[in-house]
Structure formats: structure tokens, C-alpha cells
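Here is a short note to read beside the structure. The points go from the whole chain to single residues.

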Amino acid sequence: CVHNQNVDRNRNIPNEDDPLGKEEIETAKLKASIPSKAAVLNRMKWAIFEQKCLRQDAKRYAPAAVDDEEIKHKVLDTSSAITTSRVTDEIIDKWTLIARGFFPFFERNRGKVFLESAGGSQVPHQVTQRVNASLEHRHRSVVGLESKRRAKKALYECTGAPPQSFDQFLGSNASSLLAFLALQVQNHFLQRDSDLTAERTEIVLSVENHLANVKPWLDLAQNIGAVVKWWDNTGIDRKDVCGMSSTDLASLVTERTIIVAISHASNVLGQIRNMKEAAQAVRRHSKRALIVVDGVATMPHIHCAGVFEWVDFFAVSCHKTFGPHLGAIFCRRPETDGDLLRSWLPPLELEVGTVNYEACEGVVGSVDYLKEWCGRCSGPEEPVTVQRCYHLIRQIEARLCRQLMRGLEESSQVHILKNRPRKRKENCDTIKDDLPHDLPVVAMYHDVLSSGFIERACLEHGFLCRSGTFLSTDYFLKFYGRPHAMNDRKNMDLVRFSLAHYNTKDEICRLLSFLSSIQGWS
């Protein structure tokens, strides 16, 4: 019976050798390729469902609650107030709203408040688009070199460094470039028998420097036998802490001084230094001392064009300025062959190996963003320049910084790190407005709560800040840190809130409200 069933079953299978069997096979294949009515309906329903989900996502992640064209129209209508009258809070809010629309972070992280821009800012989509395009089209000798040229041009524009007076070298970051600069100075000393090596040279370091502009010079001093002097710009003369130190820079500089390493602004104090005043104090006492400035903290917030008249080296890091990880150092060229200032130091070459061309494209994208944002915040008669962009940034950040500091000062347990008050005539020469001469960086410690505890509590509630010593010198921490932690670096941690022009008043209000709710805060 089984055999007969198999025979009957086989009779129903078309034979490919039979012409009629081939026709049946082709007909079956055609029928199988045509979807049924039910399948077509299911596909249509699924497509409608997908479109609905996409519309809901677009509405959910829209960067602004107000129509974009409406915002732009209103800003253009009121942009004349930027220069002709007082800028209102409403206008500043619109500038911030426009800026946030360029940053994917704020679209994808609703509810989180980013307060750690001093450690590395968020990145606009112009940067990621350029980096991706560079990765997708590599041609080192043509496309790569062109990316490097554009990045250098963008950095000259962004910093205000005059290309006719300053060479520019790119590297992985400012720290590595400063270390390589110190190494080249050391090699010059060890390889050349000169008047400089016959006498005991001196190096002056500012106390509030980032360690990136301290450690290389300490190593240099140790290797060539130079004397290290510390400039304490805190207004507190503590020779018992620093040893050879002074609050008067001019008293530290002599003809034997070869390096004066200072910061344009502290990444903890936030106060912008008067570079003209510092340089004049150095030049009165030394014609050959080189002024090496760490400009990493200031570049995201101010246009530094006025600084370059007074410095010899100026280092920056692009990842703090809405860009990728890439550093640059600007080196003054000798004005003449007999220029005493640089006569003891040969021409420098601080670029080693192949520069990160993808990061170079990202730098170009960061300047594209600044100009595009500035253009959308300006009227038709207003120039779209990097200088104007920084002016808008200063107005946004000054308001936020005042709001944050006033709120923190309401607690008697909170101690905000501040530099000594400056007289009006000491104001920074690079700022040409009536805004506070500080960066939007606020570092503090609490009498009762540890800095680590405050950071963890903030992170758990969506406030992204940071605690630590922020690569500050021991001398700086002893001047400014907790009084009972003078000899214990582990207990010197601070909490830092660092802002940018994409932060809002509402975010600061939420932060202050949360901090005041912590048990033991007040």
C-alpha cells in the first residue's frame, strides 16, 4: 500500500522533460512571485505605521518648541539691539535656542544638563559631517594636505593670531605640543655651548597654571640646572608654601630668565589674565625671556586677537572649542635676524609625523558652525564674523555665570574659588565690552559635603559636572583648597561647573534647586 501511495504522489509532480510539465512549473513560479491580497494589505498597513512612528519621533526630538522660521524672523527683527541698545533676556534666550539646534547631544539627551564644557565641549553636526566626509574620501597627498591648510586658516581666524607674525604647528593636543617645545629648548641647551649655559638660567611659572604648562618646564629646569621661580597671582604672599615666590612678576624676572610660562586664564578660577600688563613686566627686566601661554581655557569663550602682540607662544586645544581632539601652538617668528628675543633659540619644527587630517576637517566644521550660528542670530546689516560670534557668546555666558554664582553664594557652606579683586584699570585688554572679565567656570568646595559626593549626586539626577583637582599645581591647591587639607591632595578635590553658550537659564535654575535640596547643603 505504501508503494502504491508513493506512485500516486509522484504522478502529481510535473516532469521537467515534458513540455507541459515545464509550463506548469513556470506558472507555479509566477503565482508564487505575486503576493496575495492579504500580504499587500499587510505591507501597506506596516508602511503607514512606520510613517506615523517617524512623525512622532520628529515631533518628540524637535530642537525647538517655536517654529524655526519664526525664531529666525524675530531674531532678525531685534538684532539691531545688539549694538544700538541693551540686549534683552528674550533675545539672548533665542540665541541660545538657535545654538542648541546645531548640537545632536541636546536632541538625544533630553533632560540632561551638560556642565563640563571646560573638560571638552559638545560638538555641532557641522563637525561630525566634515569628519565623516574626510574618512570616506582619503587621499593623503592631496585631500589630506588641503584639510590641514584649511584647518590652519580656520584656527588663525578663530584665535585672531596674525599669520604674518606667527607660525602654527598642529599636534594631538596642547599638552603634547608644550612638552615637545620644552624638549626642543632642552636639546638646544644641551647641544650648544653658549652664554646661556655658562650661567644659571631661570624659569618663572605662574601658580594657577595647568600642569601641561608646568611639568615640561620643571623637567627642563632639572635637566639643565635652571632655577624655578613661582609667580603667585592670588594676592597672598605665602613664601612658606612656594619657597621662591612673589606676587610681583617683575621682581621675579631677570636677564637670566629664559621662560615665563603662564595661563591666559585658569581652568579653575576662570579669571582672564591681563597679558599686556604681564608681558610689559617681563620685558622691562629681560629682553630674551620667552612668554609661553596656555590659551586652552579662553579659546571657547573670547577672541584672543589682542593677546598675540604680547606673547611668544600660545597653545590651544580644539576639543574645548566645539571641535575634535586636535591641538595647535602658535610661535612668534623672529622679527629680524638680530632679534635678541629669539636669537638664542633656532627655528622650530613642532609637527611630528602625519597630522590627523580627519580632525583637521572637524576644525573647519567648528568654525563653519560659529559663522552659521552667528548669521542666524544677526540682522541683514550685521557682519557675520568670528569676532562678532564671540561677542554673542560673551553676552550669553556672562548672564549664566552671574546667575550660577549668586545661587551658590546663598549657602554659607559653599566656598567659590576666586582670584583677588582687580581694579578697573587692570581689566583684560582682550575684552572690549562691559561684561565681567571671567570665563563661565565656577569651582567650589563645601564645608560638609565631599566634592565626590556632590558630583555623584548631580550625575544621578542628570547634571553632568565633574570633581577633582583638574591638573592644578600643588601650590595652587594649597592657596585655594580646603584649609584643613593643606598637605593631603586626596582631600583637595573641587566641584567644577563649566558652562558654554548652549546652556540655558532654566538649566541653571534646575541645578541650583537640586543642590539646595541635598541634605546638609545649607
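1. Two residues are in contact here when they have heavy atoms within 4.5 Å. By that rule, and leaving aside residues up to four places away in sequence, Leu515 touches Leu408, Ile454, Cys458, Phe497 and Trp521. Please keep in mind that this is a predicted model.

2. The chain as a whole. The protein chain has 522 residues, and 52% of them are buried. Its secondary structure consists of 21 helices and 14 strands. Among contacts with a separation of 6 or more, 74% join residues 24 or more positions apart. The accessible surface is about 25700 Å², and carbon and sulfur atoms account for 51% of that surface.

3. The nonpolar cores. The largest nonpolar core has 99 residues. Phe330, Trp373, Leu408, Phe497 and Leu515 have the most contacts inside it. Helix α18 (residues 386-408) supplies ten residues, the largest share of this core.

4. Strand β14. How many of the five residues of strand β14 (residues 494-498) are buried? Five of the five are, so the strand is largely enclosed by the rest of the structure. In a regular strand, side chains alternate between the two faces of the sheet. In β14, Leu494, Arg496 and Ser498 point one way, while Val495 and Phe497 point the other way.

5. The neighbours of β14. Strand β11 (residues 441-446) pairs with β14 in the antiparallel sense over four bridges, and Ala443 stands opposite Arg496. Strand β13 (residues 466-468) is also antiparallel to β14, with three bridges. There, Arg466 has Arg496 as its bridge partner.

6. Strands β2 and β9. In strand β2 (residues 166-171), five of the six residues are buried, so β2 too is largely enclosed by the rest of the structure. An antiparallel pairing over six bridges joins β2 to strand β9 (residues 327-332). Within this pair, Phe169 is opposite Ile329.

7. Helix α6. Helix α6 (residues 89-100) also has twelve residues, and it reaches 17 Å from first C-alpha to last, close to the expected 16 Å. Its buried residues are listed here for checking against the view: Ile91, Ile92, Lys94, Trp95, Thr96, Ile98, Ala99 and Arg100.

8. Two residues with positive phi. Most residues other than glycine have a negative phi. Phe322, although not a glycine, has a positive phi of about 65°. Its place is in the loop between β8 (313-317) and β9. Leu471 also has a positive phi, near 55°, and is found in the loop between β13 and α20 (474-480).

9. Phe322 has a relative accessible area of 2%, so it is buried. Leu471 has a value of 46%, so it is partly exposed.

Notes: Residues are numbered from 1 along each chain as its sequence is written. This is a predicted model: local features need pLDDT of at least 70, side-chain atom pairs count only at pLDDT 80 or more; totals for chains, interfaces and linings use all residues. Side-chain values use heavy atoms; hydrogens and water are left out. Buried means under 20% relative accessible area, exposed over 50%, partly exposed in between (1.4 Å probe, protein chains only). Accessible areas come from the Shrake-Rupley method with a 1.4 Å probe; for residues, only the protein chains shown count as cover. The expected span of a helix is 1.5 Å times one less than its number of residues. Two strands pair if DSSP finds at least two bridges between them. A nonpolar core is a set of buried Ala, Val, Leu, Ile, Met, Phe, Trp, Tyr and Cys residues joined through side-chain atoms within 4.5 Å.
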